[in-house]
Amino acid sequence: MRTQTVLTIILNFRTPAMTLRSAAAALAEMEDLPGEVLIIDNGSGDGSFEALQAGAETRGWLDSGRLRIEASSVNGGFGAGMNIGFQARLTDGSVPDFYYLLNSDAFPETDCIRTLRDFLLDHPGAGLAGSYVHGEDGTPHCTLFRFPTIASEFEGAARTGVISRLLQHAIVPMEIPDQPRQVDWTAGASLMIRRQVIEAVGGFDETFFLYFEETELCHRAARAGWRTHYVPQSTVAHVGSASTGMKTWPRTPGFWLDSRLHYFTQTRGAVYAMGATLARLLGGGVYGLRRLTSGKPRADAPHFYGDLLRHHLTRMLRPLPGPRPAKPFDTDPVHAPLLEDHK
């Protein structure tokens, strides 16, 4: 049996110091695993690529043959950057068996990468596996989810106990388990993907700039028969929003609204997407009444619901382009996809 190789992909956008820290943690965990680490500077345009090169050279990583750095001339978003990694081969010209996606502000802990790889090796029908993620202060981050639906949009916006109990089956965030379990989707901060999945579904849809891209990829993989699993024995420390600044958004950006609408449209259709938006607005109305009667705090960004409605109506007149997943790469006979192994 051929050695099962892993290509760890780290996407950098204007956080070179943190990316180097993430790469150091990944290299330590890859020390006894066959494979390499690839850093992609995603069109930072601020000297990040040069800083990464200098930092890696100072640490002796470039001479080791275990790490290399590439630059994208444009920032096409998370999915587009990761698709560059999916098209990459190892330095010996072979195609990796597994792709390990690691955020630039995430730091794999002991046996994190090996645990995910071994889980996929032991479960042939599993195509994707994600880690238990916690903050640097130890606070758990929820990274296992159900697919969003009309019901979940209403429940999440209403934030009302009786509604949540009635729609418990639709709540998107799931309780964090102690043992591995199958999920609809898991976050891309620390995510292992079997090569055959990428060959089958074609990588990330590059219409997404940020957010919902891993949700849609897991949805597309599920339609192709591949399962997604959450593996809490694989652990990662994560800062969160280091590149996106999400925690300090004064207003919901257009790219988030675009991604949300594109997800529902591509996975469920335009009519369902409209239903999801109406459900979100209705749920927001329920919570708004609770705020008026009980002094509940604001739960969404300022002007969120007005922005959501205007955005959806605008996109009805000027829709986003169709899905743009990366095309499957050609494989040589030695590394042809073993799709018959997928049960």
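Leaving aside neighbours within four places in sequence, Gly-76 is in contact (heavy atoms within 4.5 Å) with Asn-42, Phe-208 and Phe-209. This is a predicted model: local features need pLDDT of at least 70, side-chain atom pairs count only at pLDDT 80 or more, and totals for chains, interfaces and linings use all residues. Residues are numbered from 1 along each chain as its sequence is written, and side-chain values use heavy atoms, with hydrogens and water left out.

**Gly-76**
- Gly-76 sits in the loop between β3 (67–72) and α3 (78–87). Helices (H or I, at least four residues) and strands (E, at least two) are DSSP runs, numbered from the N terminus.
- Gly-76 is partly exposed, at a relative accessible area of 27%. Buried means under 20% relative accessible area, exposed over 50%, and partly exposed in between (1.4 Å probe, protein chains only).
- From the C-alpha of Gly-76 to that of Leu-309 is 26 Å; 233 residues separate the two along the chain.

**Thr-3**
- Thr-3 belongs to the segment before β1 (6–12).
- Thr-3 is partly exposed, with a relative accessible area of 48%.
- Beyond its neighbours within four places in sequence, Thr-3 is in contact with Pro-34 and Asp-97.
- The C-alpha atoms of Thr-3 and Pro-34 are 7.3 Å apart, with the residues 31 apart along the chain.

**Glu-29**
- Glu-29 lies in helix α1 (residues 16–29).
- Glu-29 is buried but has no salt bridge. A salt bridge is a side-chain nitrogen of Lys or Arg within 4 Å of a carboxyl oxygen of Asp or Glu.
- The nearest side chain of opposite charge to Glu-29 is Arg-114, 7.1 Å away. Lys and Arg count as positive, Asp and Glu as negative; His and the chain ends are not counted.
- A polar atom of the Glu-29 side chain lies 2.5 Å from the backbone nitrogen of Asp-111.
- Apart from neighbours within four places in sequence, Glu-29 is in contact with Pro-108, Glu-109, Thr-110, Asp-111, Cys-112 and Ile-113.

**Helix α11**
- Helix α11 (residues 304–317) has 14 residues. From first C-alpha to last, α11 reaches 20 Å, close to the 20 Å expected at 1.5 Å a residue. The expected span is 1.5 Å times one less than the number of residues.
- Phe-304, Asp-307, Leu-308, His-311 and His-312 are the buried residues of α11. They cover an arc of only 125 degrees around the axis, so they are on the same side of α11. The arc is that of the directions from the helix axis to the C-beta atoms.
- These buried residues pack against α9 (254–268) and α10 (270–294).
- Exposed Met-316 and Leu-317 are on the face of α11 turned away from its buried side.

Methods: Polar contact = N/O pair within 3.5 Å; in protein donor to acceptor, adjacent residues only side chain to side chain.
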